Each structure stands twice: as C-alpha cells, then as structure tokens.
Amino acid sequence: MSITALILSREPVTMMLPAGVVALNHCETFTTTAGIHAARRRALARVRTEHVFFLDSDDSLPHDIADVLDECVAAGRPLAYTDELTVRPGMAPLRSRPAPYDPVVHAGSPLMVHHLALMQTAAALSALRLIPSGDVWIEHPLYWQVAQGGAAYVPRVGYHWHRRMNGMHRASGIVAAQARGTAWCIRRSGADEFKRRTRDAAVARAAGF
C-alpha cells in the first residue's frame with residue numbers, strides 16, 4: 001500500500017498505523033471555517049502517496065484497518081468508502097451502513113460518504129480545482145467531486161468516529177458551512193433531478209414501499 005493518513009491537529013500527533021500507511025501530521029491553528037477549509041487544502045498539497053484519507057486526531061481506526069484499506073485500494077476507484085462506528089460517551093457504538101454509491105443521493109446526504117473515505121491523491125488534487133473555496137465545509141464537495149470519476153462502497157468498518165455531544169460539528173458556523181457545501185453539490189448534480197428523486201422517495205415512503 002502507498003497511503004497517507006492525513007491528520008489535522010493543533011499539536012503533533014503520534015498514531016500506530018499499519019505498514020504502508022504514512023501518518024502526515026499537519027498542524028495549524030484556525031478560528032474560522034474558511035481557515036479549516038484552507039488548512040485541508042494545504043495539507044492535501046503535501047501528500048506524496050497514491051492514496052489519502054483524513055483522520056481526525058480524536059478518532060481511531062479498527063484493528064483490521066490494513067485489510068480494510070487493501071479492499072478499498074483493490075476496488076480501483078477514485079474514491080472508496082466504508083461503514084463507520086460512531087462512539088458516544090455512555091452509549092453503545094452505532095454502526096452506519098451507507099448504501100451503494102448514488103451521486104444524486106450523495107449530493108444531498110453528506111453522511112453517505114463520511115469515514116473512512118479513501119481517495120486517489122491525483123483525483124483529490126484535481127477535485128480541489130473545481131470545488132468552491134472559502135467558507136464552505138470541504139469534505140462533502142471534495143468527496144462528491146472525486147466520486148464523479150467512480151466510487152466503491154466497501155461494507156467494512158473502516159473508522160471509529162468519537163463523536164462528542166458538544167463537538168464543533170454542532171457550532172452554527174460549521175453547520176452553515178456544511179449547508180453551503182451541500183447546496184453546491186446539489187447544483188452540480190442537477191437540482192431538478194435531485195428534487196425529482198427526493199420527491200419520489202417521499203411518495204414511496206408515504207405509500208409504504
């Protein structure tokens with residue numbers, strides 16, 4: 001494997017990773033969502049391996065991550081994504097199981113491709129030239145754009161998301177930046193098609209299908 005685990009943090013982080021996976025620690029301090037976006041762009045520009053994924057410093061990887069990554073690479077797509085295990089204080093871990101990839105569904109559903117999302121580095125760098133910069137949460141537009149070249153769902157747990165009830169994902173600025181990213185993806189996917197598909201899904205649910 002030739003993979004970078006891109007870890008963004010305020011301080012250097014040491015993590016145990018399997019052979020073939022390089023930990024690239026990118027340390028910055030930022031105060032705005034635009035700063036977070038720019039930091040991730042700068043971090044991606046430092047990657048020198050064939051594949052890359054984001055790893056938050058307060059999250060963790062499963063014990064069999066080497067096997068999971070092998071499957072993701074073997075899929076041969078610009079983006080491969082997995083199930084994740086959400087871990088919350090005082091609660092039982094919850095496994096998410098995304099559906100096989102659908103670009104229209106993904107446009108309106110950021111959590112369809114969340115963790116683990118393994119990207120071919122060349123595809124990620126190309127996508128950066130197309131997605132909006134500034135005060136926009138980067139992951140959703142980035143993953144969506146990379147996936148337009150092909151995406152594979154690997155039904156393995158590839159990530160442990162340690163979600164705090166008061167984490168930054170609940171901050172108003174973060175929520176607004178995420179909404180801007182989702183709106184961009186919907187426009188790119190075709191707003192009319194998105195509306196038609198989501199309307200039909202609502203009708204099907206109401207009909208009991």
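**Charged pairs and their surroundings**

Tutor: Aspartate 135 and arginine 180 form a salt bridge, with 2.9 Å between the closest N and O atoms. (A salt bridge is a side-chain nitrogen of Lys or Arg within 4 Å of a carboxyl oxygen of Asp or Glu.) The pair links distant parts of the chain, 45 residues apart: aspartate 135 sits in the loop between α4 (121-128) and α5, arginine 180 in helix α6 (residues 172-189). (Helices, H or I with at least four residues, and strands, E with at least two, are DSSP runs numbered from the N terminus.) Aspartate 135 counts as partly exposed, at 35% relative accessibility. Arginine 180 is partly exposed too, at 36%. (Buried means under 20% relative accessible area, exposed over 50%, partly exposed in between, with a 1.4 Å probe and protein chains only.)

A word on the source. This is a predicted model, where local features need pLDDT of at least 70 and side-chain atom pairs pLDDT 80 or more, while totals for chains, interfaces and linings use all residues. Residues are numbered from 1 along each chain as its sequence is written, and side-chain values use heavy atoms, without hydrogens and water.

The whole structure holds six salt bridges. Another one joins aspartate 64 to arginine 156, the closest N and O atoms being 3.0 Å apart. Aspartate 64 lies in the loop between β3 (51-54) and α2 (65-74) and arginine 156 in strand β7 (residues 151-162), so this pair ties together parts 92 residues apart in sequence. Aspartate 64 is partly exposed, with a relative accessible area of 22%. Arginine 156 also counts as partly exposed, at 22%.

Now turn to arginine 40. Its salt bridge is with glutamate 139, at 3.2 Å between the closest N and O atoms. Here, too, distant parts are linked: arginine 40 is in helix α1 (residues 33-45), glutamate 139 in helix α5, 99 residues apart. Arginine 40 is buried, with a relative accessible area of 6%. Glutamate 139 is buried as well, at 12%. A network of salt bridges links Arg40, Asp56 and Glu139. Arginine 40 also lies over the face of phenylalanine 54, 4.5 Å from the ring centre. (A charge sits over a ring if NZ of Lys or CZ of Arg is within 6 Å of the ring centre and within 35 degrees of the ring normal.)

Glutamate 139 belongs to a buried helix. Nine of the nine residues of α5 (residues 139-147) are buried, so the helix is largely enclosed by the rest of the structure. Among these buried residues are His140, Tyr143 and Trp144. Those three also touch histidine 106, which lies in helix α3. (Contact means heavy atoms within 4.5 Å.) Histidine 106 is buried, with a relative accessible area of 0%.

Tyr101 is another contact of histidine 106. There are three aromatic pairs in the count. Tyrosine 81 and tyrosine 101 make an edge-to-face one, 6.1 Å centre to centre with 70 degrees between the planes. (Rings of Phe, Tyr and Trp, its six-membered ring, pair if their centres lie within 6.5 Å; planes under 30 degrees apart are stacked, over 60 edge-to-face, the rest tilted.) Both tyrosines are buried. Ring pairs join Tyr81, Tyr101 and Tyr153 into a cluster.

Finally, a charge without such a partner. Glutamate 84, in strand β4, is buried yet has no salt bridge; the nearest side chain of opposite charge, arginine 163, is 7.0 Å away. (Lys and Arg count as positive, Asp and Glu as negative; His and the chain ends are not counted.) Its side chain does make polar contacts: one with the side chain of histidine 114 at 3.1 Å, and one with that of histidine 115 at 3.0 Å. (A polar contact is a pair of N or O atoms within 3.5 Å; within protein, one must be able to donate a hydrogen and the other to accept it, and residues adjacent in sequence count only if both atoms are side-chain atoms.) Leaving aside neighbours within four places in sequence, the contacts of glutamate 84 also include Leu94, Arg95, Tyr159 and Trp161.
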